[in-house]
Amino acid sequence: MSLVVFYALPATSGLGFGAALSVLVVGSLGMAAPVQGGVGVYHLLVQATLLLYGVPKEAGMAYALLAHTSQTLLVVLMGVLSFIAGMSRKPTMAAAPETIANHELN
């Protein structure tokens with residue numbers, strides 16, 4: 001995902017796989033920080049990492065915002081789809097309360 005988002009901005013489009021891996025590792029540390037959703041910490045760490053590769057501050061922050069937003073939206077979308085898929089299934093016989101009650105009587 002880090003490499004794909006590089007192509008979205010002109011300032012980061014020339015960076016390669018090594019830079020994407022660096023951003024991924026440092027961004028993961030930002031997400032692991034005890035801050036809800038890594039908001040703020042992720043952005044600052046990614047921006048600082050991109051500064052090491054010669055990307056200007058503004059472009060680094062734009063990249064961090066774009067990458068974080070797209071990843072968060074993907075997680076929310078997949079969560080909603082999973083919830084809908086889980087709720088649309090019929091309960092199995094073992095999970096039905098009347099089946100459990102009848103089984104205990106026998």
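Okay, a term to start with: buried means under 20% relative accessible area, while exposed is over 50% and partly exposed lies in between, using a 1.4 Å probe and protein chains only. By that rule, F6 is buried, and so is Y63.

Quick background: this is a predicted model, where local features need pLDDT of at least 70, side-chain atom pairs count only at pLDDT 80 or more, and totals for chains, interfaces and linings use all residues. Numbering runs from 1 along each chain as its sequence is written, and side-chain values use heavy atoms, leaving out hydrogens and water.

So what's in the chain? Of the 106 residues, 25% are buried.

Back to F6 and Y63. They form an aromatic pair, 5.1 Å centre to centre with 45° between the planes. That counts as tilted: ring centres of Phe, Tyr or Trp (its six-membered ring) must lie within 6.5 Å, with under 30 degrees stacked, over 60 edge-to-face and the rest tilted. F6 sits in helix 1 and Y63 in helix 4, 57 residues apart.

Now helix 2 (residues 17–32) and helix 3 (residues 41–52). Their axes, lines fitted to C-alpha atoms over the stretch in contact, come within 8 Å and cross at roughly 155°, on a scale from 0 to 180 degrees between N-to-C directions. The two are therefore roughly antiparallel (over 145; under 35 is roughly parallel, 65 to 115 roughly perpendicular, the rest oblique). On the helix 2 side, the contact (heavy atoms within 4.5 Å) includes V23 and L29, and helix 3 brings residues including Y42 and L45.

Definitions and conventions. Helices (H or I, at least four residues) and strands (E, at least two) are DSSP runs, numbered from the N terminus.
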